[in-house]
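Here are some notes to go with the structure, meant for someone opening it for the first time. Have it on screen while you read.

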Amino acid sequence: MPRLFLAAAVGAALTLLLIATPGAPPPVAASSSDIVISQIYGGGGRSTAASSTYRNDYVELFNRGSASVDLTSRSAQYQATTNSPWTVVNLSGVLPAGGYLLIAGETSTARPFPLPPLVPSPDLPSSLQINPGRGKVALVTGQLALGCGQAAGDCIGNPLVRDFVGWGEAGEGQPAANNYEASRAPGFEVNQVLMRAAAGCTDSDNNLADFSVT
């Protein structure tokens, strides 16, 4: 079951250094030393998701750094497919070191469980409706919709992008995610969550290595 509460204490952040090797894909240029995307869930707002658990889709953020971070003027953004617009969720407030923030998306009352509130930060409501099969989420320094995402790899290296997750292969008449850090993360089902390793601390700038389906 996805973890949705603030951890009482978090150990030292795990830092992984990618060593460049011939033919290896480059890491994202604007790697985040503090706020990262830690979980993505897409089973709540889909009316056909009879086997999903929670009523809301969600994106969870985590501060893996050693200091509090002011989220003012930052945003989390989601793009479902290559040709769809970015859904922008404006962030605010301060996220302490070791803290988690849950962005709650679209809801369906047919699902059995509401998302529990985060302590001390309440859920941040949004219009996110996440496709678990494939998609992209970006953590952005700024609150304007990204102009990238149409061409393969055009978001990677964007100086406004602090963290980026692309997941899923082609299917349901849609292409695979065309932007991701090094290798795309796997798609997941409506009763599963895409989760960053080590409770959010791992960040090797490789979506496939950093994320697993739980």
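1. **A tyrosine to start from.** Tyr41 is a handy entry point: it is buried, with a relative accessible area of 2% (buried means under 20% relative accessible area, exposed over 50%, partly exposed in between, with a 1.4 Å probe and protein chains only). Tyr54 is buried as well, with a relative accessible area of 6%.

2. **What you are looking at.** This is a predicted model, where local features need pLDDT of at least 70 and side-chain atom pairs count only at pLDDT 80 or more, while totals for chains, interfaces and linings use all residues. Residues are numbered from 1 along each chain as its sequence is written, and side-chain values use heavy atoms, with hydrogens and water left out.

3. The mean pLDDT of the protein is 81, and 77% of its residues reach 70 or more; pLDDT is the predictor's confidence in each residue, from 0 to 100. Be careful with residues 1–30, where pLDDT stays under 50. For that stretch the model has 55 contacts beyond four places in sequence, a contact being heavy atoms within 4.5 Å.

4. Strands (E, at least two residues) and helices (H or I, at least four) are DSSP runs numbered from the N terminus, and two strands pair if DSSP finds at least two bridges between them.

5. **Strand E2, covered on both faces.** In a regular strand the side chains alternate between the two faces of the sheet. Which faces of E2 are covered? Both: Asn56, Tyr58, Glu60 and Phe62 on one side and Asp57, Val59, Leu61 and Asn63 on the other are all buried. That makes 8 of 8 residues buried in this strand, which spans residues 56–63.

6. **Neighbours of E2.** E2 pairs with E1 (residues 35–41) in the antiparallel sense over 6 bridges, and Gln39 stands opposite Glu60 in E2. E7 (residues 100–107) also pairs with E2 in the antiparallel sense over 6 bridges. Here the bridge partner of Phe62 is Tyr100 in E7.

7. **Aromatic pairs.** Rings of Phe, Tyr and Trp (its six-membered ring) pair if their centres lie within 6.5 Å; planes under 30 degrees apart count as stacked, over 60 as edge-to-face and the rest as tilted. The count comes to 6 aromatic pairs. One of them joins Tyr41 and Tyr54: the ring centres are 6.1 Å apart and the planes at 85°, so the pair is edge-to-face. Tyr41 lies in E1 and Tyr54 in the loop between E1 and E2, so the pair ties together parts that are 13 residues apart in sequence. Ring pairs link Tyr41, Tyr54 and Tyr58 into a cluster.

8. Trp167 sits in strand E10 and counts as buried at 0% relative accessibility. Phe188 counts as buried too, at 4%. The rings of Trp167 and Phe188 have centres 5.9 Å apart and planes at 40°, so this pair is tilted. The pair links distant parts of the chain, 21 residues apart: Trp167 in E10 (residues 161–167) and Phe188 in the loop between E10 and E11 (193–196). Also look for Tyr180, which is 13 residues from Trp167 in sequence and 7.3 Å away in space, C-alpha to C-alpha.

9. **The four-strand sheet.** E10 also belongs to an open sheet of 4 strands in the order E5-E4-E9-E10, with antiparallel pairing. The edge strands are E5 (87–90) and E10, each pairing on one side only. E4 (residues 74–79) pairs with E5 in the antiparallel sense over 4 bridges, and the bridge partner of Gln77 is Val88 in E5.

10. **A buried asparagine.** Is Asn207 buried or exposed? At 0% relative accessibility, Asn207 counts as buried. Asn207 lies in helix H1 (residues 207–210). Leaving out residues up to four places away in sequence, Asn207 touches several others, including Phe164, Gly166, Tyr180 and Arg184.
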